[in-house]
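Please work through the exercises below with the sequence and the model at hand. Each task is followed by a worked solution.

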Amino acid sequence: MKSNTVKFIDLFAGLGGIRLGFEKAFKNAGMETECVMTSEIKPYAVKTLKHNFGHEFLAGDIFEIRNEFIPDFDFLLGGFPCQPFSAGGKRQGFLDTRGTLFFEIERILRDKKPYGFILENVEGLVKHDLENKNDEIGRTLKTILHTLENDLGYKTSWKVFDSLEFGLPQSRKRIFIVGTKDEKIDLDGNEPQFKALESVLEKGLPTLKSDFIDKLLSHFSLEDLYGKSIKDKRGGDNNIHSWDIEIKGSVSKQQAEILNQLFKQRRKKQWAEEIGIDWMDGMALTLEQINTFIDLPKKELKTLLDDLTSKGYLKLEHPKKLVKIQTENGVATSREYDETKPKGYNIVTGKLSFEVNKVLDPKDIAPTLVATDVSRLAVPDGNGLRRLTIREGLRLFGYPEWYEIPTKEYDAFDLLGNTVAVPVVEFVVSRIIETRNLEFMTLDNIHSKLHQVH
């Protein structure tokens, strides 16, 4: 290892996104970096890290990494999971971090005393475990900042960044907590730049072939599908329902209107009062109740409703009552059919029930990528629709083109769903470099400068 190289460890490494941004920022400033330890436990993440990086020390579970085995380093990088802290804290007025993954960061910083750190977490950390609803930050973040500043002596700052403002066509908000031994880092100064989804899309790839896709494209032009969701759990102009594409069988205009009206009416609280149940979002309504907002002879209305039921658009069921059960942890609630009430018609709403549940608009942005949903996102390509590719997923997070994920597609998107936006990290690190004026130093002085405050 060269004495003039900035050394770092990468904890909860995932795909190594924080590392990539860190290395690129220092490289742009004309400096060398070296990762002296990486910690990650997911097997397919480890496989990906090995594929893309050289590792002299690739460790596993952070709980099993003893301080004396960790090489000296200048910066700790860590996208740690958010966990609740124990109320029985050792510090008066503060929660105890013991038993959480943040405590592992704390004990390494305490023992190794590096120059600085960069921590990343979900936006929800900001108000996690609020004491009072009007507080700016919750008890979890207060405890973390207190630990880093008061206990460990770091000058600490934090900010929530949105990847959308860094030229990535995906809105992904994440908090970054940054600290150094001698100076508070100013995290402002990014000049927002925006790009549309089409900037990351590949072209000319095989499209999806299925009965569902055929029916979708037979009822809507490709352009009319842009930005549309396909769910029976949602309404609005940007949503397509199963009956709009007749996925379960033919639907007349009259039946489509009945379904659309029932979809809205079944959520109104007046029906809960009339039925005699606690309100819920989506209640079964009787023929008589439906007849109050669908002006048709009752016999004709019943024929239309029964036809929709036989095709699977509707189900005939008792309304559900709210049941409260006393448990060791308090009162738990559940919904059970109330067979003392007459049956009614309800919309069949399977969660993630369709092959595609959203078609992305190339001129817009992608939703925040979540592993469980990404397989049901579709993008237009030529005259058809296809799924997002892993390469497009990587581009949505600003990963370089040479980076590869050599795993199954589901595992790849699981990793992407938990990774960071590389350009955001690069900006955060550039602010550290600029604040410390490190870019004006020679390589021979970097290492000694970083360690002068140890």
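The model is predicted: local features need pLDDT of at least 70, side-chain atom pairs count only at pLDDT 80 or more, and totals for chains, interfaces and linings use all residues. Residues are numbered from 1 along each chain as its sequence is written, and side-chain values use heavy atoms, with hydrogens and water left out.

**Exercise 1.** Determine how helix α1 and helix α14 pack.

*Solution.* Step 1: locate α1 at residues 17-28 and α14 at residues 422-435; helices are DSSP runs (H or I, at least four residues) and strands likewise (E, at least two), numbered from the N terminus. Step 2: the angle is about 45 degrees and the axes are 8 Å apart, where axes are lines fitted to C-alpha atoms, for helices over the stretch in contact, and angles run from 0 to 180 degrees between N-to-C directions. Step 3: α1 is therefore oblique to α14, given that angles under 35 degrees count as roughly parallel, over 145 as roughly antiparallel, 65 to 115 as roughly perpendicular and the rest as oblique.

**Exercise 2.** Classify the packing of α7 and α10, and identify the contact residues.

*Solution.* Step 1: α7 (residues 253-265) and α10 (residues 298-311) pack at about 85 degrees, with axes 11 Å apart. Step 2: the two helices α7 and α10 are therefore roughly perpendicular to each other. Step 3: Gln-254, Gln-255, Ile-258 and Leu-259 of α7 make the contact (heavy atoms within 4.5 Å) with residues of α10 including Leu-301, Leu-304 and Leu-308.

**Exercise 3.** Describe the largest nonpolar core.

*Solution.* Step 1: a nonpolar core is a set of buried Ala, Val, Leu, Ile, Met, Phe, Trp, Tyr and Cys residues joined through side-chain atoms within 4.5 Å; buried means under 20% relative accessible area, exposed over 50%, partly exposed in between (1.4 Å probe, protein chains only). Step 2: the largest has 30 residues, and Leu-119 is among those with the most contacts inside it. Step 3: α3 (101-112) is one of the elements that give two or more residues to this core, and α3 supplies its largest share, 5 residues. Step 4: the residues that Leu-119 touches include Leu-76, Ile-105, Leu-148 and Ile-177, not counting residues up to four places away in sequence.

**Exercise 4.** Is Arg-19 buried or exposed?

*Solution.* Step 1: find Arg-19 in helix α1. Step 2: its relative accessible area is 7%, so Arg-19 is buried. Step 3: among the residues that Arg-19 touches are Asp-10, Phe-53 and His-55, not counting residues up to four places away in sequence.
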